[in-house]
Amino acid sequence: MLQLMNVKKFYNKRLVLEISSLKLGSGLFWIKGANGSGKTTLLKMIAGLIPFEGDILFKGISLRNNPLGYRQNTSWAEAEPLFPPFMSGMDLISLYRSIRKASAAEVNMLLELFNVNDYVNNSIGTYSAGMTKKLSLILAFLGNPSLVVLDEPTITLDPDAFTSMCMFILEKQKNSESIFLMSSHQALDSTLSLSCKELTVNNGNVLT
Ligand SMILES: Nc1ncnc2c1ncn2[C@@H]1O[C@H](COP(=O)(O)OP(=O)(O)OP(=O)(O)O)[C@@H](O)[C@H]1O
């Protein structure tokens, strides 16, 4: 379970989010909301990337009291990912693989699934936006993290990559205790959207 308790987020003294209590069980969550409503801010707090008041717990582990333990379960993919252009995709995958203790078989499965074998050894500076996005999703999925936070995962993906992402998420979700949080302005694949619970960020709060 993911639990937000008395969470407040200010930017330069401006209160952007105030969530007194939110509890999410395992499953897929589709976060909606108008531009500027606070979706990215919410996801970055849950991913442990930005400071805030209050606390967030995942499987009982407090982000405030045990930030390392919390982040060991958590992965994050940026809406518009930026990686060092001089590294190759495989350099980053190898780095993440060693940190997350992922197997070679899992790496190969993800490379195949997202069809990146042709360019994964090239430097990231040569990648298109969609190629970079696919790399960011592979990195987010590597090592079976149980809290996966994806900001706008669908943008710049071609239809095949979009289907691969949906297949992966649906497969992982079966018999799993994991939580996938995704923000999107776009319609999701119908199978995926049927499996998603919708959350709306509005007026600084999250409506379930
Ligand atoms: N680093 C920052 N400094 C100051 N204000 C910020 C910062 N990041 C976001 N904001 C403000 O916080 C509010 C929420 O922004 P956020 O990016 O979370 O919205 P969003 O729902 O993800 O928007 P979009 O759909 O356009 O991506 C906006 O009013 C924005 O101007």
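Ala, Val, Leu, Ile, Met, Phe, Trp, Tyr, Cys and Pro count here as nonpolar, Asp, Glu, Lys and Arg as charged, and the others, Gly among them, as polar. The model is predicted. The shell around its ligand divides into two nonpolar, eight polar and one charged residue. Its members are Tyr 11, Asn 12, Val 16, Gly 33, Asn 35, Gly 36, Ser 37, Gly 38, Lys 39, Thr 40 and Thr 41. Helix H1, residues 39-46, gives the most to this shell, with three residues.

Stay with H1. Its buried residues are Lys 39, Leu 42, Leu 43, Met 45 and Ile 46. They lie on the same side of H1, because they cover an arc of only 160° around the axis. The general rule behind such patterns is simple. An α-helix has 3.6 residues a turn, so residues three or four places apart point the same way. After H1 comes Gly 48, with a positive phi near 75°.

Now step back to the wider span. The UniProt record, an unreviewed entry, places the feature "domain: ABC transporter" at residues 2-207. That span is 34% helix and 29% strand.

Next, the strands. Strands of a sheet pair through backbone hydrogen bonds, either parallel or antiparallel.

Strand E9, residues 196-202, pairs with E10 in the antiparallel sense over three bridges. Asn 202 stands opposite Asn 205 in E10.

Other strands pair as well. Strand E1 (residues 2-11) and strand E4 (residues 53-58) run antiparallel, joined by five bridges. Lys 8 stands opposite Glu 53 in E4. E4 also pairs with strand E5, residues 61-62, in the antiparallel sense over two bridges. There Phe 58 stands opposite Ile 61 in E5. E4 and E5 form a hairpin, with two residues between them. In the turn, Lys 59 has a positive phi of about 50°.

Terms used: Residues numbered from 1 in each chain as written. Predicted model: local features only at pLDDT ≥ 70, side-chain atom pairs only at ≥ 80, totals over all residues. Near = placed C-beta within 6 Å. Helix = DSSP H or I, 4+ residues; strand = E, 2+ residues; numbered from the N terminus. UniProt positions renumbered as here; feature names shortened; annotations may be inferred. Buried ≥ 20, exposed ≤ 12 C-beta atoms within 10 Å, placed from the backbone. Arc of directions from axis to C-beta. Pairing = 2+ DSSP bridges.
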